[in-house]
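Hello,

Here is the structure I promised to pass on to you. Have a look at it first, and then read my notes below.

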Amino acid sequence: MCGIIGYTGSLGASDIILDGLTRMEYRGYDSAGMAYTTPSGKIALRKTVGKVKDLRAICDDDESTCGIGHTRWATHGGVTNANAHPHKVGNVALIHNGIIENYHEIVKEYNLSSDLVSETDSEVVAALINKLYDGDPTKTIKKVLSIIQGSFALGILFGDRPGSIYCVRNVSPMLGTHCKDGSFIASDLTAFIQFTKRYFIIPEYTIVTVRKDGILMEDLDGNNVEPEYLEVNWDVSAAEKDGYDHFMLKEIHEQPQSIIRTITPRIKDGLPDFSDEGIDDDFFKNVSDITIIACGTAMHAGIIGRTLIQKYLKIPVTVTIASEFRYEQPILNENSLVITVSQSGETIDTLAALRLAKEYTNKTLSLVNVKGSSIARESNYVLYTHAGPEIAVASTKAYTVQASMFYLLTAKLGLVQNKMSVDDAKAFIKNLEAVPSMMENMLSLDTHIKELTKRMQQSNNAFFIGRGLDYSLSMEGALKLKEISYIHAEAYAAGELKHGTIALITEGIPVIAIASQQHVYSKVISNIREVKARGAYVILISKDENITDNSICDAHLRLPDVDDDFTMFESIVILQMIAYYTAVGKGFNPDQPRNLAKSVTVE
Ligand code: G6P
């Protein structure tokens, strides 16, 4: 969603801001803008609908060393130049990520309508600041904070304070840093990673003054707040394409290494160990039930977790969409374990759901990829996945590292609750350790898969079928295909097809059938015959080396002979590549699908 950057220092602000906005393009946006202060006390403004390159074309000032930039993902008001950020009212310019809930009331109460030229909630905040400004930015921002309601990360310039940027946030993410080249604020680290790996999370309701020589923070009572610096273990090259055509393809290829980085430090003597995270076995002992809460692909990783944990632990596991959970009456007690899963750690619905869950249980654990993010900080415990930065909107490596974490958790819970013997747990973990090299082998199928997708590109619909773990996985395969190729795709439990969906199977409809689970193999094959008999174009994914019969499928992608519980890692590489090559073949950019955002920070 909206990307924010601010820079003040000794270098030209314009290029730094434009480069930062380019690096945040992956978040999803439809317009871009920039404002900078000039030494004469003026604020210059440039903004446009379209891409950052369109903004670059209208930016001509390389003199200013202080400015703010924004990529907008429309919520309130259409995609127009007027609605793009920054919003300038009087001598105040403002960028905003989030939603101001009471903006209508504010316009009325403070009589702001004649100041407004856009349809946005954000411009109202700029107008309010301008109206209340008494020459003291910090005091004015505090006044404004007592009026506005909602989620926000705000970056503000005051014309009479050249060289300074002011910010404040509630819920919506914003980071800050100071380094030898100056000071930055940004929605995420990719915006300034080429300058420093050190950053801090701006605390909520803290007024931040960003200057060339440092960053000052004070809370609402006027006390100084010290930044708590963190450091990431990746650098700018991790956020670049590195010779791949797209970030998505690069990230598909990075999966084996991401899994190695995620699981290896947590395996000691062949068994799962979370002691480095301070999670001891007692935490898992009395767990009576598990609720997994997440959105999108992270929720699909949770479905893999449910399938595994229920199989080995035989305790109830519920997977809930965060935006549903937070408005329901949770069925949780103090022995319920709540696992929130999030790549960004900032998805607002998942964060709100976590806050609600904490009213019922102290056993909250999050699986998060971004260090220090809100969900990570607010959970009782966190297990970081180590996928590195995921730039493509369609999640790939974040999904497989989240899934790998559920395998570790299954073994840990199994051991602690005496549902798995030490030998069985060791064998299970050994299979997990073999996953990266097996996935590596699957990547070599890319030419074959690319060829197959020529058929997929011609269809408006596709179906994914499977049973058990394969059904859990097929949901993610369908999501990948629809989000980047815009082909309507649905996942069905293979046995359920004949209760309705088979009516949609007509000549040439692609059906991707996953049949890797031995105990239901013959059943899935029967289901495949049913769709094949109705003209479907079937791509079968299985371990079976004897598939020669073209009454079963049109194409067969063979999985290595791994344990049934672990085939998902190999199968997902195939499904990700089917989606990728289908989208690219249709001429779409899979890294920035229409209407989608990487990190969803509005409800
Ligand atoms: C968006 C992204 C998805 C992601 C989901 C949850 O929809 O496009 O790729 O799975 O949000 O994001 P999270 O950061 O919480 O994993």
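**Strand 1 and its partners**

Strand 1 and strand 10 (residues 182-186) are paired antiparallel through five bridges. Strands here are DSSP runs of E with at least two residues, while helices are runs of H or I with at least four, and both are numbered from the N terminus. Two strands count as paired if DSSP finds at least two bridges between them. Within this pairing, Gly6 sits opposite Ile185 of strand 10.

Before going on, please keep in mind that this is a predicted model, in which local features need pLDDT of at least 70 and side-chain atom pairs count only at pLDDT 80 or more, whereas totals for chains, interfaces and linings use all residues. Residues are numbered from 1 along each chain as its sequence is written, and side-chain values use heavy atoms, with hydrogens and water left out.

Strand 1 also pairs with strand 4 (residues 66-72), again antiparallel, by six bridges. There, Ile5 faces Gly69.

Is strand 1 buried or exposed? Seven of the seven residues in strand 1 (residues 3-9) are buried, so the rest of the structure largely encloses it. Buried means under 20% relative accessible area, exposed means over 50%, and partly exposed lies in between (1.4 Å probe, protein chains only). In a regular strand, side chains alternate between the two faces of the sheet. In strand 1, Gly3, Ile5, Tyr7 and Gly9 are buried on one side, and Ile4, Gly6 and Thr8 are buried on the other.

**Around the ligand**

Which residues come nearest to the ligand? Of the 13 around it, they are Ser342, Gln343, Ser344, Thr347 and Ala597. A residue is counted as near if one of its heavy atoms lies within 4 Å. Helix 9 (residues 296-313) contributes the most to this shell, with three residues.

A polar side-chain atom of Ser342 is 2.6 Å from a ligand oxygen atom, and a polar backbone atom of Gln343 is 2.7 Å from an oxygen atom of the ligand.

**Aromatic rings**

The whole structure has 18 aromatic pairs. Rings of Phe, Tyr and Trp (its six-membered ring) pair if their centres lie within 6.5 Å; planes under 30 degrees apart are stacked, over 60 edge-to-face, and the rest tilted. Phe184 and Phe192 have ring centres 5.5 Å apart and planes at 40°, so this pair is tilted. Phe184 is buried at 0% relative accessible area, and Phe192 is buried at 0% too.

Happy exploring!

Definitions and conventions
Polar contact = N/O pair within 3.5 Å; in protein donor to acceptor, adjacent residues only side chain to side chain.
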